[in-house]
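Hi everyone, thanks for coming.

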Amino acid sequence: MAVGTRVTVVRDGSWDGPWQVEFQGTIDDLHAPGPVRHAMAREGELEYWGVFDEPQYDSSGGGPFRGAQVWGRYLKRIPEA
């Protein structure tokens, strides 16, 4: 996803996370997209830096966060009007 892409950060249907609610934000260039380095990552999965429209709390109560690296599977593009 390109810098400036508007996204909805979604929750995972199989567990209570990674965020407490779904919300909107924008892909930012603070960190370049890169591979997710985690045992649960899908092959070739990328993580992106997102800036959130409003501060958010993660599923464990951490925060509020104004932005974070988010795995690609939790990002849905918002169609342009």
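First, a definition: two strands pair if DSSP finds at least two bridges between them. Strands themselves are DSSP runs of E with at least two residues, numbered from the N terminus. Please keep in mind that this is a predicted model, where local features need pLDDT of at least 70, side-chain atom pairs count only at pLDDT 80 or more, and totals for chains, interfaces and linings use all residues. Residues are numbered from 1 along each chain as its sequence is written, and side-chain values use heavy atoms, leaving out hydrogens and water.

Now find strand 4 and strand 5 (residues 65–71): they run antiparallel and are joined by six bridges. Valine 51 sits opposite glycine 67 in strand 5. Strand 4 also pairs with strand 2, antiparallel, over three bridges, and there isoleucine 27 faces glycine 50 in strand 4. Strand 3 (residues 34–35) pairs with strand 4 over two bridges, again in the antiparallel sense.

On to the rings. How many aromatic pairs does a search of the whole structure find? Five. Rings of Phe, Tyr and Trp (its six-membered ring) pair if their centres lie within 6.5 Å; planes under 30 degrees apart are stacked, over 60 edge-to-face, and the rest tilted. Tryptophan 19 and phenylalanine 52 are edge-to-face, 5.2 Å centre to centre with 80 degrees between the planes. Tryptophan 19 lies in the loop between strand 1 (6–9) and strand 2 (23–27) and phenylalanine 52 in strand 4 (residues 46–56), so their pair ties together parts 33 residues apart in sequence. Finally, Trp19, Phe23, Phe52 and Phe65 make up one aromatic cluster.

Notes:
Helices (H or I, at least four residues) and strands (E, at least two) are DSSP runs, numbered from the N terminus.
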